[in-house]
Amino acid sequence: MLRWDIKLSSLNEKIVVIELWASWCAPCVKEMPKIPELRASNPNIEFYSISLDKDIDKMVSFVNKKKYDWPIVYGGYEDDNKDLWDYLNIVAIPKYYTINRDGIVVNVADHLDTEYLNTLR
């Protein structure tokens, strides 16, 4: 099982990108390999992924197979976690929220714009 303990105070010095994804989503799966490259090229950014898979076991299997090592949590499908879906107004994935050091969402995108993200310092 994947487990991440994250203290919000630890994020004050970082730009945060929150990814909404699922293992059944072909565009999501295509974008995810960019994250390790971005993490390596820009240490000012922290990535956090929220899986919208219908089954946690499928998410865990996918993440373990790919050996992804950033914080990835299970958010669940709409039927299982309507509060999350409503709060984030989820209508399509993938979705990437870029949050600045002041906690303000400064960009929402349907793909990882590596050029843009590498300019953030």
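# A disulfide, a mixed sheet and its core

Cys 25 and Cys 28 form a disulfide, with their sulfur atoms 2.4 Å apart. A disulfide here is a pair of cysteine sulfur atoms within 2.5 Å. By this rule the count comes to one. The link of Cys 25 and Cys 28 is right-handed, with 75 degrees about the S-S bond. Cys 25 is buried at a relative accessible area of 5%. Cys 28 is buried too, at 0%. Buried means under 20% relative accessible area, exposed means over 50%, and partly exposed lies in between (1.4 Å probe, protein chains only).

This is a predicted model: local features need pLDDT of at least 70, side-chain atom pairs count only at pLDDT 80 or more, and totals for chains, interfaces and linings use all residues. Residues are numbered from 1 along each chain as its sequence is written, and side-chain values use heavy atoms, with hydrogens and water left out.

Now the sheet. Five strands form an open sheet in the order S3-S2-S1-S4-S5, with mixed pairing. Strand S3 (72-74) and strand S5 (105-109) are the edge strands, and each pairs on one side only. From one strand to the next, the twist averages 20 degrees. Helices (H or I, at least four residues) and strands (E, at least two) are DSSP runs, numbered from the N terminus. Two strands pair if DSSP finds at least two bridges between them.

Strand S1 (residues 15-21) has six of its seven residues buried, so it is largely enclosed by the rest of the structure. S1 pairs with strand S2 (residues 45-51) in the parallel sense, over seven bridges. Ile 18 stands opposite Tyr 48 in S2, and Ile 15 has Ile 45 as its bridge partner there. With strand S4 (residues 95-99), S1 pairs in the antiparallel sense over five bridges. Ile 99 in S4 is the bridge partner of Val 16. H3 lies across S1, S2 and S3, and runs at about 165 degrees to S3. Axes are lines fitted to C-alpha atoms, for helices over the stretch in contact, and angles run from 0 to 180 degrees between N-to-C directions.

Next, the core. A nonpolar core is a set of buried Ala, Val, Leu, Ile, Met, Phe, Trp, Tyr and Cys residues joined through side-chain atoms within 4.5 Å. The largest has 30 residues, and those with the most contacts inside it are Trp 21, Phe 47, Leu 52, Ile 72, Ile 93 and Leu 117. The elements that give two or more residues to this core are S1, helix H2 (34-41), S2, helix H3 (56-66), helix H4 (82-87) and S4. Leaving aside neighbours within four places in sequence, Leu 117 is in contact (heavy atoms within 4.5 Å) with residues including Val 17, Leu 38 and Phe 47.

Last, the rings. The structure holds five aromatic pairs. Rings of Phe, Tyr and Trp (its six-membered ring) pair if their centres lie within 6.5 Å; planes under 30 degrees apart count as stacked, over 60 as edge-to-face and the rest as tilted. Trp 24 and Tyr 77 are edge-to-face, at 6.4 Å centre to centre and 70 degrees between the planes. Their pair links distant parts of the chain, 53 residues apart. Trp 24 is partly exposed at 47%, and Tyr 77 is partly exposed at 23%. Phe 62 and Tyr 68 have ring centres 6.2 Å apart and planes at 55 degrees, so this pair is tilted. Ring pairs link Trp 21, Phe 62, Tyr 68 and Trp 70 into a cluster.
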